[in-house]
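Please bring up the sequence and the model side by side, and we will walk through a few parts of the model together.

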Amino acid sequence: MKKLLTVSVVALTGLYVFSTQVAAQKSALAQAARPLVLTEAISLEGVKGRFDHFGSTGNRLFVSALGNNTVEVIDISARTVVHTITGIPNPQGVVFSTDANKLFAGSSKGKLYIYDGTSFELFKEIDFHSDVDNVRYDAANKRVYVGYGEDETGAIGTVDATTNERLDEEYKLGAHPESFQLETSGPNIYANLPDLKQIAVINRSTHAISRWPVTLQMNFPMALDESDHRLFVGTRAPARLAVFDTNSGHMITALPCVHDTDDLYYDAARKRIYVAGGEGFINVFQQKDADHYQLLSKIPSALGARTAGYFGKGRKSADRFYLAVPARAGRGAEVWIYTVED
């Protein structure tokens, strides 16, 4: 009996040591898998309602406070709001042209507003008549691409960033375009069309439009890995990160993802995808190779915080990830700043 008791104690001791080692290893892995570390918060005093999109110049951040009818201009170095642009009903997409020194802001009421990049004096309003949402800047050709319209009026139009004139280049899509991405080394534009359950592929050289069917529903945010020919799409029903081959249009994989996503970004240096979701988390996925991905971390954030910005290395050679957090009980609206860790 005594011998049996001794064996049992030894076995339990071994099991305890093993469990402790496993727990330590899990803790070490958890610490290592902290790709985003919340370091600061910028107060957006008095800002109410939900947010839509971010824009950046490198030293300034632009936040569309859709529910507040303002665009908040933040000095990233000073960590403070330095200007508030008013007069835009329900602002959505914002993009800055550094070479033209202009800010372009879209409104769900159908207009694109063009501002001086220093004084923020309003230069011009261009009426697209319905729901100007996502906007993108093509620096090589100094053009602003504008997603607008509903149903049969849905399209992507263009504006000359130098002259502020609307151009004839326009692509009719038959549905409202959500996020879209421009190739820099090729002619294509990839556009999410959730109402049609499609991704439209626009060739800017030939003006031909092809369409990929999407079996998942509510495909809103999008990011592009141009070098590996992969397109990342966030869906809401079900909540997935879907990966498409841009050569074939075929879906490579679809991973469970944070709910209520509206922004996602691809970090080419680290081969990561950052996805912000309104359920109160940020998902970080690691690209192992062009066909294989895994969830690296699920980071708690705040309910309703689905608007994010990631623009690569800042002025101090440090990467920052920005999250717009709406006002909630006992606390005002903020922009949370995460340091991106290797």
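This is a predicted model: local features need pLDDT of at least 70, side-chain atom pairs count only at pLDDT 80 or more; totals for chains, interfaces and linings use all residues.

Let me begin with a question: is strand β16 (residues 198–203) mostly covered or mostly uncovered? Strand β16 is mostly covered, since 5 of its 6 residues are buried, where buried means under 20% relative accessible area, exposed means over 50%, and partly exposed lies in between, with a 1.4 Å probe and protein chains only. Residues are numbered from 1 along each chain as its sequence is written, and side-chain values use heavy atoms, with hydrogens and water left out. Strands are DSSP runs of E with at least two residues, numbered from the N terminus.

Now to the neighbours of β16. Strand β15 (residues 188–193) pairs with β16 in the antiparallel sense over 6 bridges, where pairing requires that DSSP finds at least two bridges between two strands. In this pairing, Asn188 stands opposite Asn203 in β16, and in the hairpin, which has 4 residues between the strands, Lys197 takes a positive phi near 55°. β16 also pairs with strand β17 (residues 209–213), again in the antiparallel sense, over 5 bridges, and here Gln198 stands opposite Pro213 in β17. The hairpin of β16 and β17 has 5 residues between the strands, and within this hairpin His207 takes a positive phi near 70°.

The side chains of Arg204 and Asp138 meet in a salt bridge at 3.5 Å, N to O, a salt bridge being a side-chain nitrogen of Lys or Arg within 4 Å of a carboxyl oxygen of Asp or Glu. Because Arg204 lies in the loop between β16 and β17 and Asp138 lies in strand β10, the pair ties together parts that are 66 residues apart in sequence. Arg204 counts as buried at 15% relative accessibility, and Asp138 is buried too, with a relative accessible area of 10%.

Arg236, Asp260, Asp262 and Arg306 are linked in a network of salt bridges.
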